[in-house]
Amino acid sequence: VDLRVDDHPDPVTELGRLLDLHALLFGKPDPAALRELTGALAGEVAGLLATRGYPAGDGAPAALDAALASWAGVENLEERIVAGKIDPLVLDHLRTGPRGPE
C-alpha cells in the first residue's frame, strides 16, 4: 500500500485514518469476534439498515442477512459479511457511518 499524507495538515492522524479504512475494506472478519445477529442486536441492525434504505422485510433472519449483505455491497464490506452474524467493525460502521440519502 502506497499512502501519501505529506500534503495533509495533520499527516499522522490522516495516515492512521487511511490505514483503518484499508483494514475495514480489505480485512477479513475475526471469527472469534463475530456477534450473533439475534435479539436486541438484530432489531438495532434492522432499524439502522431501514434508515439507510435497506429494510429487512419481515424481520426474519434470512431477510436481515439479505438486507445487511445488500448494504455491505454498496459500502464495499461484502468480505466481512457472515450469515447470521455481524463483524464488530461492520456494526461500528453501520452505527456511525453515513446515513444515506437525506
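Predicted model: local features only at pLDDT ≥ 70, side-chain atom pairs only at ≥ 80, totals over all residues.
Reader: What order do the elements run in from the N terminus?

Author: The order is α-β-α-α-β-α.

Reader: What does the C-alpha trace span along its principal axes?

Author: About 50 × 35 × 20 Å.

Reader: And what share of the residues counts as buried?

Author: The protein has 102 residues, and 28% of them count as buried.

Reader: OK, contacts. What share comes from residues 24 or more positions apart?

Author: Take the contacts with a separation of 6 or more. Residues 24 or more positions apart account for 51% of those.

Reader: Let's do helix packing. At what angle do H2 and H3 pack?

Author: The angle is about 45°. Their axes are 10 Å apart.

Reader: Which hand is the crossing of H2 and H3, left or right?

Author: H2 passes H3 in a left-handed crossing.

Reader: Which residues meet there?

Author: From H2 come Ala42, Val45, Ala46 and Leu49. From H3 come Leu64, Ala67, Leu68 and Trp71.

Reader: How do the residues of that contact divide by class?

Author: The contact of H2 with H3 has eight nonpolar residues, no polar ones and no charged ones.

Reader: Now H2 and H4. Where do they sit in the chain, and at what angle do they cross?

Author: H2 covers residues 39-51 and H4 covers residues 88-96. Their axes come within 10 Å and cross at roughly 45°.

Reader: What is the word for that orientation of H2 and H4?

Author: H2 and H4 are oblique to each other. The crossing of H2 past H4 is left-handed.

Reader: Which residues make the contact?

Author: H2 brings Leu41, Glu44, Val45, Leu48 and Leu49. H4 brings Leu91, Leu94 and Arg95.

Reader: And how many are nonpolar, polar or charged in the contact of H2 with H4?

Author: Six are nonpolar, none is polar and two are charged.

Reader: New topic. How many salt bridges are in the whole structure?

Author: A search finds six.

Reader: What does lysine 28 form a salt bridge with?

Author: Glutamate 79. The closest N and O atoms are 2.7 Å apart.

Reader: Is lysine 28 buried or exposed?

Author: Lysine 28 counts as exposed, at 56% relative accessibility. Glutamate 79 is partly exposed, with a relative accessible area of 46%.

Reader: What about aspartate 2? What does its side chain meet in a salt bridge?

Author: Arginine 4, at 3.1 Å from N to O. Aspartate 2 is exposed, with a relative accessible area of 58%. Arginine 4 is exposed too, with 65%.

Reader: Next, arginine 80. Where is it?

Author: Arginine 80 is in the loop between helix H3 (61-74) and strand S2 (85-86).

Reader: Which residue does arginine 80 form a salt bridge with?

Author: Aspartate 87. The closest N and O atoms there are 2.5 Å apart.

Reader: Why does arginine 80 count as buried?

Author: Because its relative accessibility is 5%, and buried means under 20%.

Reader: What does arginine 80 touch, beyond residues up to four places away in sequence?

Author: Arginine 80 touches Ala23, Leu24, Gly27, Lys28, Pro29, Asp87, Leu89 and Val90. So the list includes aspartate 87, its salt-bridge partner.

Reader: Last one. Where is glutamate 14, and is it buried or exposed?

Author: Glutamate 14 is in helix H1. It is buried, with a relative accessible area of 14%. Leaving out residues up to four places away in sequence, glutamate 14 touches Val5 and His8.

Conventions
Residues numbered from 1 in each chain as written. Heavy atoms only, no water. Axes fitted to C-alpha atoms, helices over the stretch in contact; angles between N-to-C directions. Helix = DSSP H or I, 4+ residues; strand = E, 2+ residues; numbered from the N terminus. Parallel < 35°, antiparallel > 145°, perpendicular 65-115°, else oblique. Left-handed = near helix turned anticlockwise from the far one by under 90°. Contact = heavy atoms within 4.5 Å. Nonpolar A, V, L, I, M, F, W, Y, C, P; charged D, E, K, R; others polar. Buried < 20%, exposed > 50% of the residue type's maximum accessible area, 1.4 Å probe, protein only. Salt bridge = Lys/Arg side-chain N within 4 Å of Asp/Glu carboxyl O.
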